Amino acid sequence: MATANEKIRDALIKRQVQMIKRSGKASAAIIAELEGAYKELRRRIDKKLAVIRRSGEITNATQIKQLLALEEEIRGILEKPFRNLSKTVRKLLEEEAVSDPRFIRDIWKDKLPVVVSFGLPSPKQLREIVNHQPIDGTPLADVLEKFEADTVDRIMAEMRRGLVLGESIPNLMRRLRNSLNISKRAAEAIARTAANAISNGARQRMFEENKDVIAKVIWVATLDDATCPRCGALDGKRYDVDKGPRPPAHRNCRCTMVASIDGDLLGRRPLKRSTQVDLLREYADQAGIKRVRSRASLPRGHKGAFDKFARKRVRELTGKTPATVTFDDFLREQSEAFQDKVLRREVANWYRKRQVDLEDLFDDNGNIYSIDEILRRRPDLRASP
Ligand SMILES: [Zn+2]
């Protein structure tokens, strides 16, 4: 039977998969905002470009003035979508910060054999994390500001380049499209990296809050082990609660931390009702006495021996957090429903029949390919039923 620490680790990896899905939903919302802005940009830039073009020489003063006006206009159009996307990202992060410690508390309560009351970080601490936790080195507000500035700069640089080269309007529009596509990919990385930074920040607070029952915290690179050698090397590394590096290690990093609960420290806490029933039965069978329903009904001279036995069993039931698990090994152990959710039904069927490896299904950023893309890479699958 899996130990409590094994079950906890698996539950947290599962949660990490779902967290990445949620960040994917947030980036889809951001991308929709950018698409909306693109249409408006296209319409207005189109008009402006025609005017700039008509004046011929790209270096003359009027043209430069017009280019500057173009920049103002781009900034103006992007302002609202960026305000919305900053709201979307913030909302996602606030939810992650609040829900991650609660999730961990519930999993610990559910899986451990004894009754423990766990502390939660305060709402103030969690707000701090959303505002100040570095995401790829910088706080959220700066990340979002830089993202907006980069988007405008990228568009302007492309427009200027195209104008200097004397390109046609459709060509310039292609440049606009390309620079927005780059922003879309950046948005995805920001949402994912930020969500992971914040949930790991909140999680760290949760670990600190409950240090008294934690042996070590462990870097889990299950979702990154195939894609990132750096994270692969950190996989399974154990640290004291207040020491060592924490994810994300890089943009798009999907690593997480898991705490290994110390069975020795738990040993003195009261047994859960269900644990008590099981252990009393085990003890009675082992000691060769009649089974009883409560510790109080144990015959004379057995209570102390039972307590000692129970402490040993609590240690065993809590167990150790296993060092590492590959995503493939992890996913194979999960329910069909979960596999379907991660891979989509059709792809999950191929996976279960071992017709595809995970490497066939994910790009370097860990995004699953579309079915079309998978079939393009693996045309042989088309023939299979
Ligand atoms: Zn990683």
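The crossing of α11 past α12 is right-handed. On the side of α11, the contact is formed by Gln 339, Asp 340 and Leu 343, while α12 contributes Arg 345, Val 347, Ala 348, Tyr 351 and Arg 352. Sorted by class, the contact of α11 with α12 comprises 4 nonpolar, 1 polar and 3 charged residues.

This arrangement belongs to a predicted model, and the confidence of the prediction deserves attention before the other parts are considered. The protein chain has a mean pLDDT of 89, with 97% of its residues at 70 or more. Among the elements of the chain, the lowest mean pLDDT, 82, belongs to helix α14 (residues 380-383), and the highest, 95, to helix α8 (residues 273-287).

The protein chain as a whole contains 14 helices and 3 strands. Its radius of gyration is 28 Å, whereas the globule rule gives 21 Å for 385 residues; the value for the chain is well over that figure, so the chain is more spread out than a compact globule. The C-alpha trace extends over about 105 × 55 × 30 Å along its principal axes.

Two further helix pairs share helix α5, which runs through residues 169-209. One partner is helix α4 (residues 140-164), whose axis comes within 9 Å of that of α5 and crosses it at roughly 165°. Since angles over 145 degrees count as roughly antiparallel, α4 is therefore roughly antiparallel to α5. The crossing of α4 past α5 is right-handed. From α4, the residues in contact include Leu 140, Val 143, Phe 147 and Ile 155, and from α5 they include Leu 172, Leu 176, Ile 182 and Ile 190. Charged residues also take part, among them Arg 154 and Glu 158 of α4 and Arg 175 of α5. By class, the contact of α4 with α5 holds 11 nonpolar, 5 polar and 3 charged residues.

The other partner is helix α3 (residues 123-132), and the axes of α3 and α5 come within 9 Å, crossing at roughly 145°. Here too the crossing is right-handed, with α3 passing α5. Gln 125, Leu 126, Ile 129 and Val 130 of α3 meet Ile 198, Gly 201, Ala 202 and Arg 205 of α5. The residues of the contact of α3 with α5 divide into 5 nonpolar, 2 polar and 1 charged.

Strand β2 covers 238-239 and strand β3 covers 256-261, and Pro 248 is placed in the loop between them. Most residues other than glycine have a negative phi, and most peptide bonds are trans. The peptide bond from Pro 247 to Pro 248, however, is cis, with omega near 0°. Asn 252 is also found in the loop between β2 and β3, and although Asn 252 is not a glycine, its phi is positive, at about 75°.

Terms used:
Residues numbered from 1 in each chain as written. Predicted model: local features only at pLDDT ≥ 70, side-chain atom pairs only at ≥ 80, totals over all residues. Left-handed = near helix turned anticlockwise from the far one by under 90°. Helix = DSSP H or I, 4+ residues; strand = E, 2+ residues; numbered from the N terminus. Contact = placed C-beta atoms within 7 Å. pLDDT = per-residue confidence, 0-100. Rg over C-alpha atoms; globule rule 2.2 N^0.38 Å. Axes fitted to C-alpha atoms, helices over the stretch in contact; angles between N-to-C directions. Parallel < 35°, antiparallel > 145°, perpendicular 65-115°, else oblique.
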